Amino acid sequence: MGETTKLSSILMEAIKVNKKPFPWLKAFMAGVAAGLPVLIGILFNSLQYGLIAGLGGFAFLYTFPIPYAQLAKKLTWVVLAITACVFLGTITAPYPIAAAILMGVIGATATFIFGAFRLIGPLERG
């Protein structure tokens, strides 16, 4: 009986709707920061460079009103992590099973790091 209660509480927690308002402005600005380089790449007939430049726009999600030195350190690690994920994804792209396993490993690692260091996610603070 205890296992069933625990399982049902875990399921209820997983499907619970978050009551906090979604930071629409920050999400829109992140879309602009990631999409503008792609648009410029298309205009200059160099889509691949625009896509690579657009990856840096995702770092915008991790900008918070914190002291500049802390923000610089945080964004450096964010950009290095995004670069590493893109590199690993590019290497495993021809192998779908390896890519699926890699996505799981990256997700588990990110979840562990955010939980262990009590980091705030990209859209948790506006």
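**View 1. The lining of the largest pocket is made up of 18 nonpolar, 1 polar and 1 charged residues.** In this classification Ala, Val, Leu, Ile, Met, Phe, Trp, Tyr, Cys and Pro count as nonpolar, Asp, Glu, Lys and Arg as charged, and the others, Gly among them, as polar. The model is predicted, with local features needing pLDDT of at least 70 and side-chain atom pairs pLDDT 80 or more, whereas totals for chains, interfaces and linings use all residues. Residues are numbered from 1 along each chain as its sequence is written, and side-chain values use heavy atoms, with hydrogens and water left out. The largest pocket has a volume of about 690 Å³, and of the 20 residues that line this pocket, W77, V78, A81, A110 and F114 are the closest to its centre. Two or more lining residues come from each of α4 (68-92) and α5 (96-116), and α4 gives the most, with 8 residues. A pocket here is an open set of points on a 1 Å grid over the protein atoms alone, where a 1.4 Å probe fits, with protein on both sides within 12 Å along at least five of seven lines; lining residues have an atom within 4 Å of a point. The volume is the space filled by probe spheres set on the points, which are joined across faces, edges and corners. Helices are DSSP runs (H or I, at least four residues) numbered from the N terminus.

**View 2. The largest nonpolar core consists of 5 residues, A30, A59, L61, Y62 and V78.** Such a core is a set of buried Ala, Val, Leu, Ile, Met, Phe, Trp, Tyr and Cys residues joined through side-chain atoms within 4.5 Å. Buried means under 20% relative accessible area, exposed over 50%, and partly exposed in between (1.4 Å probe, protein chains only). Beyond its neighbours within four places in sequence, A30 is in contact (heavy atoms within 4.5 Å) with G57, F60 and L61.

**View 3. The structure holds 1 aromatic pair.** The ring centres of Y62 and F114 are 6.5 Å apart and the planes stand at 55°, so the pair is tilted. Rings of Phe, Tyr and Trp (its six-membered ring) pair if their centres lie within 6.5 Å, and planes under 30 degrees apart count as stacked, over 60 as edge-to-face and the rest as tilted. Because Y62 lies in the loop between α3 (47-55) and α4, and F114 in helix α5, the pair ties together parts that are 52 residues apart in sequence. Y62 counts as buried at 18% relative accessibility, while F114 is partly exposed at 26%.
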